[in-house]
Amino acid sequence: MGASFITEGAIPYAVADPLRVLPACILGSMLAGALSMTFGCQLLAPHGGVFVIPLVGNWAGYLVAIAAGALLTACLVAGLKRFARPRTGLSQS
């Protein structure tokens with residue numbers, strides 16, 4: 001779903017663990033956006049994911065930006081879920 005820019009697939013993950021998933025998604029999106037601007041990518045369609053690659057100016061840079069953003073998001077989610085355990089209000093007795 002994400003490859004076609006259907007973002008609703010991420011909602012259950014974000015709702016289940018917003019303090020760890022949302023920052024990872026934000027930082028991954030930020031990296032992808034910054035790289036696509038740096039590479040001078042131009043998308044002639046307002047939306048569409050992999051379906052609009054033929055319409056992208058500098059499509060190779062576009063794919064690199066998407067891959068880098070997705071990789072950063074995945075690494076951050078995995079790291080935050082592993083090392084930043086949520087605290088519960090209950091004491092362990």
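**Confidence first**

The average pLDDT of the protein is 86, and 90% of the residues score at least 70. pLDDT is the predictor's confidence in each residue, from 0 to 100. This is a predicted model, so local features need pLDDT of at least 70 and side-chain atom pairs count only at pLDDT 80 or more, while totals for chains, interfaces and linings use all residues. Residues are numbered from 1 along each chain as its sequence is written, and side-chain values use heavy atoms, with hydrogens and water left out.

Helices (H or I, at least four residues) and strands (E, at least two) are DSSP runs, numbered from the N terminus.

Now helix 3. Which of its residues are buried? They are G61, Y62, A65, G69 and T73. Buried means under 20% relative accessible area, exposed over 50%, and partly exposed in between, with a 1.4 Å probe and protein chains only. The cover over those buried residues includes helix 2 (18–38), strand 1 (42–43) and strand 2 (56–57), where contact means heavy atoms within 4.5 Å.

Last, the cysteines. A disulfide is a pair of cysteine sulfur atoms within 2.5 Å, and by this rule the count is 0 disulfides. C25 is in no disulfide; its nearest cysteine sulfur, that of C75, is 13 Å away. C25 counts as partly exposed because its relative accessibility is 28%. C75 is likewise in no disulfide, and it counts as partly exposed because its relative accessibility is 49%.
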